[in-house]
Amino acid sequence: MKRYTTIRRVGTCLSLSVWLGLTACSEEKYLQTVPPTSIGSEDVFSTPDRVLGLVNGSYDALKSSDFYGGRFLIYTDVRGEDFVNVTGNTFTAYESWTNAYASGSNDVNTLWAAAYRVINRSNILIDGLQKYPGKITEALSKQYTGEAKLLRALSYFSLVTLYARPYVENQGATPGLPLRLQGETTPANNDLARSSVAEVYAQILKDLNEAEAALPDSYTTPLLNTTRAHKNTAIALKTRVYLNMANYAKVVEEAKKIVPQTTAPFTATTGVKHALQNIVTIFTENYTSTESILSMPMTELDTYTGQSSIGYIYNTNSEYYVNPRGILGDPQWATSDARRSFLRTASNQQYFKKYAKPSPFLDYIPVMRYAEVLLNYAEAAAKTGNLTLATNLLKAVHGRSDASYVFRRVQ
């Protein structure tokens, strides 16, 4: 009996020990569980939908109000002589207008951070597609890599244009930007040295050439042809880059791919069939026309308000009026020119109303249009001695707003 009791007690102790051990292990298991809102890099690339989400995230970063969602266009607009500031508001490009920057300048810090956010998201996408193959088709992986490289190239080109010396000054020998080509997930590489302007341009062109080879000819809808990169997007952007480098022969070479004609009407015959459209409606209602090569879309569920919106700054709050001593007073800009419909009068001043819709501000913001490609081509054609072609291209673009304008050669 005593023996049985002893055995029973031992058994009870063993059972209790096992139960306590299991309880401890179970509690430890729950304590160490990763929250479902936190996923690792492999999980991010685990399904086609998640990979597409990363692609969309890169475009969303480009669309930031501090970048191509508005501020980049404003900063580059008001640095010229055609606008006069009214408010002195440092949050709406006053520092860019005065060309007076400090280390804490909002215009510099916000745009710089926004552009590198696009670059880093693009790098993470490129790295992940290589590291975790097989989650999507090879064709999609190639396309997404091409899109990421184009967005990276556009971001670097925007930064090097604003924050470095011109390439033509000394063929890019001056310091340029920190050239980040891999995804950064820690601050360990924050002190990356600047590459030269020439090295940055070389990477931009490398990315664009590889993007052109990887991107699709077109998508299934006008909306996607406007808001996602395709082959013609890469080609069009190269005409802008080569023009900045004063490499006019290369501008001509690239432009010919999507502007094969030498007389009007000019239109792309491969990929998206780009063509010029009504100068007024492309900014107010026909956002996804064949003139648009890349635009930032807006919807009621995805738009900007207040100081974050380009429409608010230019039109609603009227922070800049058009300088009467600039283009407004130029006698070559005829009063019959249709582009004057982008102006409105208030308090005896002319204000810019290209982004004219009130809140919610739903006007798309163009990044690249077919008209620009024709103008880039015209300048390069003139520089390389083909004045007839240059004139034909200029007439096609300018004729939409003022068909009566007469071009004159200036010796």
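Helices (H or I, at least four residues) and strands (E, at least two) are DSSP runs, numbered from the N terminus. The model is predicted. The protein has 16 helices and 8 strands. Of its 411 residues, 45% count as buried. A search of the whole structure finds 16 salt bridges.

**Overall build**

- The accessible surface of the protein comes to about 20800 Å². Carbon and sulfur atoms hold 55% of that surface.
- Take the contacts with a separation of 6 or more: residues 24 or more positions apart account for 67% of them.

- Arg 228 and Glu 147 meet through their side chains in a salt bridge, at 2.6 Å from N to O. The two residues are 81 residues apart, and the pair links distant parts of the chain. Arg 228 sits in the loop between α10 (222–227) and α11 (231–244), while Glu 147 belongs to helix α7 (residues 138–163).
- Arg 369 forms a salt bridge with Glu 291, and their closest N and O atoms are 2.6 Å apart. Arg 369 lies in strand β8 (residues 365–369) and Glu 291 in the loop between α13 (281–284) and β4 (292–296), so the bridge ties together parts that are 78 residues apart in sequence.
- Arg 369 counts as partly exposed at 22% relative accessibility, whereas Glu 291 counts as buried at 0%.

**Other salt bridges**

- Glu 169 forms a salt bridge with Arg 165. The closest N and O atoms of this pair are 2.5 Å apart.
- Glu 169 counts as partly exposed at 40% relative accessibility. Arg 165 is partly exposed too, with a relative accessible area of 47%.
- Which residues are linked in a network of salt bridges? They are Glu 212, Lys 238, Glu 254 and Lys 257.

**Strands β4 and β8**

- β4 and β8 pair in the antiparallel sense, over 4 bridges.
- Ser 292 stands opposite Arg 369 in β8. Arg 369 is also the partner of Glu 291 in a salt bridge.
- 5 of the 5 residues of β4 are buried, so this strand is largely enclosed by the rest of the structure.

**Helix α16**

- Helix α16 (residues 387–398) has 12 residues. From its first C-alpha to its last, α16 reaches 16 Å, close to the 16 Å expected at 1.5 Å a residue.
- The buried residues in α16 are Leu 389, Ala 390, Leu 393, Ala 396, Val 397 and His 398.
- An α-helix has 3.6 residues a turn, so residues three or four places apart point the same way.
- The cover over the buried residues of α16 includes α15 (370–383).

**Ser 58 in helix α3**

- Ser 58 is found in helix α3 (residues 48–62). At 1% relative accessibility, Ser 58 counts as buried.
- Which residues does Ser 58 contact, leaving aside its neighbours within four places in sequence? They are Val 118, Arg 121, Ser 122 and Leu 151.

**Backbone exceptions**

- Most residues other than glycine have a negative phi, and most peptide bonds are trans.
- The peptide bond from Ala 264 to Pro 265 is cis, with omega near 0°. Pro 265 has its place in the loop between α12 (248–258) and α13.
- Ser 359 and Pro 360 are joined by a cis peptide bond, with omega about 0°. Pro 360 is found in the loop between β7 (349–352) and β8.
- Gln 171 has a phi near 60°, a positive value, and is not a glycine. Gln 171 lies in the loop between α8 (167–170) and β2 (175–178).
- Ser 347 is not a glycine, yet its phi is positive at about 50°. At 68% relative accessibility, Ser 347 counts as exposed.

Methods
Residues numbered from 1 in each chain as written. Predicted model: local features only at pLDDT ≥ 70, side-chain atom pairs only at ≥ 80, totals over all residues. Heavy atoms only, no water. Salt bridge = Lys/Arg side-chain N within 4 Å of Asp/Glu carboxyl O. Buried < 20%, exposed > 50% of the residue type's maximum accessible area, 1.4 Å probe, protein only. Contact = heavy atoms within 4.5 Å. Areas by Shrake-Rupley, 256 points an atom, 1.4 Å probe, with all protein chains shown as cover. Expected span 1.5 Å × (residues − 1). Pairing = 2+ DSSP bridges.
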